[in-house]
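Please read them with the structure open beside the text.

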Amino acid sequence: MIVKKSSAAILSLSMAAGLALATIPGVAIADDGPTDRALSTFREVAPDHVANAVAPEAALSTSLDDTTATVSEEAITIKSDAGTVSLVAPQETEGVEYQPVLMDGGSALIAIVIDSPAAGDVFEFKTLASDESQAKVLEDGSVLFTGSDGSFKGGLATPWARDSKGNDIPTRFEVTDANTIRQHVDLANVASDAYPVVADPWLGAELYGRVYVTNTSQGFIVTTRPSGWGAGYQGVGNIGMWWAHADEVKNKMPTPGNWSLSLQEQLYCHIAGWPVSANPDYDLESWKPQIPWQDQAGSKCQSY
């Protein structure tokens, strides 16, 4: 689902229970015209894992466990146990449109649709938090939000940008202070006939869906699947927040006390992207010995 909005987006993070947010208008149905064009362009050029995660047009919200995303005419809002995240799109400027997009799995993004170099190449997002939450850019370019106690609050998936012909455009996030994130999109080598250029900050908080345990004669198997947003929020360059992956899977187990370092290393192997398999689920086997994730590359993350 997509709604029409505009220019340098303001990312409002209110993550503590005591912070009251302003009332957000109800969900608006997209008008025909520029919004439809922007959505079509976004779907055509976005990476598959992003385009395939767009929520159905009729959806008013999406949820995954305790996280829910909604989209209004003025904002997207994500509510989870970690707090409430609001992403607000302000007025348009020349050469750029901002389109809030509701995504599957309790996440959302703002598609930046750049129609000409007149838009500039820096798009600034303001973050506001009720606590001392901090933003940090990780090695893979994603952004990690942590609370004052070091807890995981959510993040922005690794940024991407493409022109209308599907060519990748260099882009990166910059954290300038506690309240400002900038997305840089390098338009220097974009041909005049390759506009619009599309990019997005994809915001989420829920990395995995349901976690279930199957008992076998050898032990138990922990099975889970990353959310659409979670699948784009992993990799070796994301190692600085793998602990959040482990914490979420462990805490979603029926018996978190059965979590082990062996299960953790198998999970880390999957996050690193070692297994070559069409199976989207992560199967972690309790009876496997504890072997460092980097030594499991040839075993489909099933340590021997």
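1. Buried here means under 20% relative accessible area, exposed means over 50%, and partly exposed covers what lies in between, with a 1.4 Å probe and protein chains only. The model is a predicted one, in which local features need pLDDT of at least 70 and side-chain atom pairs count only at pLDDT 80 or more, while totals for chains, interfaces and linings use all residues. Residues are numbered from 1 along each chain as its sequence is written, and side-chain values use heavy atoms, with hydrogens and water left out.

2. The protein has five helices and 19 strands, where helices (H or I, at least four residues) and strands (E, at least two) are DSSP runs numbered from the N terminus. Of its 304 residues, 54% count as buried. Among the contacts (heavy atoms within 4.5 Å) with a separation of 6 or more, 66% are made by residues 24 or more positions apart.

3. Which residues of helix 4 are buried? In helix 4, residues 242-252, they are Trp-242, Ala-244, His-245, Ala-246, Glu-248, Val-249 and Lys-252. The elements that cover them include strand 11 (152-156), strand 18 (220-224), helix 3 (228-231) and helix 5 (261-272).

4. Two packed helices are described by the angle between their axes and the distance between the axes. Helix 4 and helix 5 pack at about 125° with axes 10 Å apart, which makes helix 4 oblique to helix 5; angles under 35 degrees count as roughly parallel, over 145 as roughly antiparallel, 65 to 115 as roughly perpendicular, and the rest as oblique. The axes are lines fitted to C-alpha atoms, for helices over the stretch in contact, and the angles run from 0 to 180 degrees between N-to-C directions. On the helix 4 side the contact is made by Trp-242, Trp-243, His-245, Ala-246 and Val-249, and on the helix 5 side by Gln-264, Leu-267, Tyr-268, Ile-271 and Ala-272.

5. An open sheet of three strands, paired antiparallel, has the order 8-14-13, two strands being paired if DSSP finds at least two bridges between them. Strand 8 (122-126) and strand 13 (171-177) are at the edges with a single partner strand each, so one side of each is left without a neighbour in the sheet. Neighbouring strands of this sheet are turned by 20° against each other on average, direction ignored. Six bridges connect strand 13 with strand 14 (residues 180-185) in the antiparallel sense, and Arg-172 has His-184 of strand 14 as its bridge partner.

6. Strand 9 (residues 134-137) and strand 10 (residues 143-146) run antiparallel and are joined by four bridges, with Leu-144 of strand 10 as the bridge partner of Lys-136. Their hairpin has five residues between the strands, and there Gly-141 takes a positive phi near 95°.

7. Asp-65, in the loop between strand 2 (61-64) and strand 3 (67-71), has a positive phi of about 55° although it is not a glycine, and Asp-65 is partly exposed, with a relative accessible area of 44%. The peptide bond from Tyr-195 to Pro-196 is cis, with omega near 5°, and Pro-196 is found in the loop between strand 14 and strand 15 (197-199).

8. Is Glu-94 buried or exposed? Glu-94, in the loop between strand 5 (83-88) and strand 6 (96-103), is exposed, with a relative accessible area of 63%. Leaving aside neighbours within four places in sequence, Glu-94 is in contact with Ala-118 and Ala-119.
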